[in-house]
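Please look through the structure below slowly, chain by chain, before reading the paragraphs that follow.

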Amino acid sequence: MYSEAQILEWLEEVKDPEIPVLSLVDLGVITNIDINEHRVAVTMTPTFVGCPAIDYMKQDVIEVLNSYGIDNVDVQVNFDEPWNSNKITDKGRKALKDFGLAPPPKHNLIVDIDILDNIECPNCGRNNSVMKTPFGPTACRSIHFCNNCKETFEQFKPL
Amino acid sequence: MSEIAIKELLYKIADDQLILGHRNSEWTGFGPLLEEDIAFSSMAQDKVGQSQAMYQLLHELGEAEPDTVAFMRNSDQFHNCQLAELPNGEYDFSLIRHFLFDFAYAIRFEMLSNSSYVPLAKLSKKIQGELRYHTMHANTWIKQLGSATEESISRLQNSLNEAMPYALGIFEPSPYEAELKSEGIFDGEEALKEKWLAKITEVINQTQLQLPDITTLEPKMGGRAGQHTEHLQPLLDEMAEVFRIDPTADW
């Protein structure tokens, strides 16, 4: 018998394939873990509905748990508990920033356009930036320009 | 709950998202600016992904696998509105279509997030958040180009006049309007159209564009019943070309 805490610790090893510093646990996409004697059932939800990385993540979860001797792993993907960017943990936010990606500002679940300007620049730390486009290299990132250090940077979009 | 009414609703939404998603993807590599190339490509990815999730709901109701449904039907089996299938034209037309379509869909998903059909309500709530970025994008460009130069204004105005009868076809009534409303599944196309009209009027009024008088327009209906323009079948042939070589292949 495994504990949920143990499973979560192992799942720390599974990273977002597009942001390799961020674990699925810190990303907030693991929504449920159900353990019984012979089987571990993990429920996940995608960040964006059309996220092409979800199948890779699902496979990675199975492989990591297999490597700890859990042979019977079942991964379900559903929208019972939909993801939003507030679910990214503080540890995850720090990892994003260290990676050079501005973490999404916390919001009240209604994303106001105003929170997309003056995002803190992950390079110089100043809040003097403009959003150049809400669509970046992946569905979950937007592109911003820092008026202070004159660098372009990306943000993990609030959703 | 009326399953046939739910299926009809899911099919038209999924087909709309898939077909416009495919049209958006045709901008990949051709956008007038790099940012716009990426924007239309990203919106394509979102829409195709959203359609897949809708086809998955249909699959759970007994319909075929999402890939089979998406790639193995002919145009007369598709339920998208004709607006979605029209060729991209020039950027001004694509932008106007994106504006008219995405506001309708942002509102449709907002309405559906309270649906009594729970799987659809959950998914709609999720999609609604994503579409905010699509309407934000449309808004930004319509407001800028709708008040910029003589050329940008006249191009957008011509495209708006051309697209509007097709946009009204989004709201073609379903044969199941009464069931959808009485069972609390969806509040109906007419309610959606009214909310949409108020929203797009609000944006257009901040530009130098004129909204055509919709009472004088003949809406382009028929898409929901499988009647399409000559543009849909070639789109489907291209979209499904690889899949149809070997529908059983693993990717």
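Read from the N terminus on, the elements of chain A follow the order α-β-β-α-β-β-α-β-α-β-β-β-β, which amounts to four helices and nine strands. Keep in mind that this is a predicted model, and that every value given here has been computed from it. If one considers the contacts in chain A with a separation of 6 or more, 53% of them are accounted for by residues 24 or more positions apart.

Chain A also touches chain B, and in this meeting 16 residues of chain A are in contact with 21 residues of chain B. On the side that belongs to chain A, 11 of the residues are nonpolar, three are polar and two are charged.

Turning to chain B, we can begin with helix α1 (residues 3–25) and helix α2 (residues 34–60), which pack at an angle of about 155 degrees, with their axes 8 Å apart. Because angles over 145 degrees count as roughly antiparallel, α1(B) is described as roughly antiparallel to α2(B). The crossing of these two helices is left-handed, and the residues of their contact comprise 14 nonpolar, seven polar and two charged ones. Among those that meet are B:Leu10, B:Ile13 and B:Leu18 in α1(B), and B:Phe40, B:Met43 and B:Val48 in α2(B).

How do nonpolar side chains tend to be arranged in soluble globular proteins? They tend to be buried together. In this model the largest nonpolar core has 99 residues, and those with the most contacts inside it are B:Leu83, B:Leu100 and B:Ala104. Helix α5 (residues 91–112) of chain B gives this core its largest share, 12 residues. Leaving aside its neighbours within four places in sequence, B:Leu83 is in contact with several residues, including B:Arg97, B:Phe101, B:Tyr166 and B:Ile170.

The helix α5(B) also packs against helix α9 (residues 189–204) of chain B, at an angle of about 130 degrees and with the axes 9 Å apart, and the two are therefore oblique to each other. Their crossing is right-handed, and their contact has eight nonpolar, no polar and three charged residues. B:Leu100 and B:Ala104, already named for their contacts inside the core, are among the residues of α5(B) that meet α9(B), where the partners include B:Leu192, B:Trp196 and B:Ile200.

Definitions and conventions. Residues are numbered from 1 along each chain as its sequence is written. Chains are lettered from A and ligands numbered from 1 in the order in which they are written. This is a predicted model: local features need pLDDT of at least 70, side-chain atom pairs count only at pLDDT 80 or more; totals for chains, interfaces and linings use all residues. A nonpolar core is a set of buried Ala, Val, Leu, Ile, Met, Phe, Trp, Tyr and Cys residues joined through C-beta atoms within 7 Å. A residue is buried if 20 or more other C-beta atoms lie within 10 Å of its own, exposed if 12 or fewer, and partly exposed in between; C-beta atoms are placed from the backbone. Two residues are in contact if their C-beta atoms, placed from the backbone, lie within 7 Å. Axes are lines fitted to C-alpha atoms, for helices over the stretch in contact, and angles run from 0 to 180 degrees between N-to-C directions. Angles under 35 degrees count as roughly parallel, over 145 as roughly antiparallel, 65 to 115 as roughly perpendicular and the rest as oblique. A crossing is left-handed if the near helix is turned anticlockwise from the far one by less than a right angle, and right-handed if clockwise. Ala, Val, Leu, Ile, Met, Phe, Trp, Tyr, Cys and Pro count as nonpolar, Asp, Glu, Lys and Arg as charged, and the others, Gly among them, as polar.
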